[in-house]
Amino acid sequence: METGTVIVAEDKQESASNQPRDSKDGAQGGDQGSKGKEAKPASERKRARNLSEDKRFKLFSGTANPDLARKIAQHIGVTLGEAKLQRFADGEVYFQLLENVRGVDVFVVQPTCYPVDQHLVELFIMIDALKRASAARITVVVPYYGYARQDRKDRPRVAISAKLIADLLTTAGANRALFVDLHAAQIQGFFDIPVDHLFASPVLVSHFRELNLPNLTVVSPDAGGVERARFFAQKMGAPLAIVDKRRTDMNVAEVMHVIGDVEGQTCLIIDDIIDTAGTLVKTVDALIAAGAGHVYACASHPVLSGPAIDRIANSRLEQVVVTDTIPLREAAQKLSKIKVLTISGLLGAAIESIHMETSVSSLFN
């Protein structure tokens, strides 16, 4: 077996190797705290006011974005669950829980970013291990949902991959899902389990309010993002413009024209994903050609694949603001035009609400 990633909770009093564990993860001995009693359903369990004191709560992380998971854990005052994740020489994933999760409300943080398929398989295997270890409830925390753009049959004989991934997560054993800025809100309907859909807009709006940009106009880079941009414009008290775009092929876009008056304005482009940045830079060019003075951009998910970094660096963008749903590549970290805001506080608050069974929607009021 090759040396892999070992995910260990910080500040443990004793190492996992010194703690007695039954070979079947407590199947015979069980959780010492439960004294042999069956775990109650999540709705009937007594919650500790502080999650750090709640023995029926655990937070685990995959390898996709451990920094975000650590920030979430710090925000809610817990340590990450202890587990071992390695790979065999042929690339197969090996995952083992190093602590008892019987009867526990478990949250697993794993965005499905590049390499998408590898991180998805990791997530499936982690869910399966938790299910077989008798976790009371498994909530997958997926800040970035891969395959979300394949959500319909827009051409003959194509797969609806967003639905397939939803089915696989459910079949693996997930009981609940938590997402951030799905590419299409309707993806929630692909799931037969409860889904909580968060928006990164509170974090982004707060940032741009502090910047206090003059003569601001919020811009949607396509018709599909109008609702997202309209919400942002309302929060900022700014007018809305739309760029009419026709996509000629996958990852290839041609900007047609700007709908709305942007002459002399500071434009803020709102999108959920920046992938190759082709749409973004062509939108910037269209806005500048229409008379915009300055152009900023923000997005929830900085996929930034292929030539994205070079395109942003060579564009007339003043700044690109993204969140840490996906870890930035090294080249992106070095680019001064890109600023990263953390959504760990938002995710932490949502996780607390789900565990305590209080309203998640109240976070956005």
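The chat below goes over the cavity and the salt bridges of this predicted model.

Trainee: What kind of model is this, and what pLDDT do local features need?
Mentor: The model is predicted: local features need pLDDT of at least 70, side-chain atom pairs count only at pLDDT 80 or more, and totals for chains, interfaces and linings use all residues. Residues are numbered from 1 along each chain as its sequence is written, and side-chain values use heavy atoms, with hydrogens and water left out.

Trainee: How many cavities of 30 Å³ or more are there?
Mentor: One. A cavity here is a set of points, on a 1 Å grid over the protein atoms alone, where a 1.4 Å probe fits but cannot get out. The volume of the largest cavity is about 40 Å³, where volume means the space filled by probe spheres set on the points, joined across faces, edges and corners.

Trainee: Which residues line the largest cavity?
Mentor: Among them are Tyr144, Tyr145, Val180, His183, Asp272 and His301; a lining residue has an atom within 4 Å of a point. By class, the lining has six nonpolar, two polar and two charged residues. Ala, Val, Leu, Ile, Met, Phe, Trp, Tyr, Cys and Pro count as nonpolar, Asp, Glu, Lys and Arg as charged, and the others, Gly among them, as polar.

Trainee: Back to Asp272. What does its side chain meet in a salt bridge?
Mentor: Arg228, at 3.8 Å, N to O. A salt bridge is a side-chain nitrogen of Lys or Arg within 4 Å of a carboxyl oxygen of Asp or Glu. This pair links distant parts of the chain, with Asp272 in strand β12 (residues 266-274) and Arg228 in helix α5 (residues 226-236), 44 residues apart. Helices (H or I, at least four residues) and strands (E, at least two) are DSSP runs, numbered from the N terminus.

Trainee: Is Asp272 buried or exposed?
Mentor: Asp272 is buried, at 1% relative accessibility, while Arg228 is partly exposed at 22%. Buried means under 20% relative accessible area, exposed over 50%, partly exposed in between (1.4 Å probe, protein chains only).

Trainee: How many salt bridges in total?
Mentor: The count is 14. Another one joins Arg176 and Asp196, with the closest N and O atoms 2.8 Å apart. Arg176 sits in strand β7 (residues 176-180) and Asp196 in strand β8 (residues 195-198), 20 residues apart.

Trainee: What about Asp67 and Arg70?
Mentor: They form a salt bridge too, at 2.4 Å between the closest N and O atoms. Both lie in helix α1 (residues 66-76), three residues apart, about one turn of the helix. Asp67 is partly exposed at 46% relative accessible area, and Arg70 is partly exposed at 36%.

Key:
1 Å grid on protein atoms, 1.4 Å probe; cavity = no way out; pocket = protein on both sides within 12 Å on 5 of 7 lines; lining within 4 Å.
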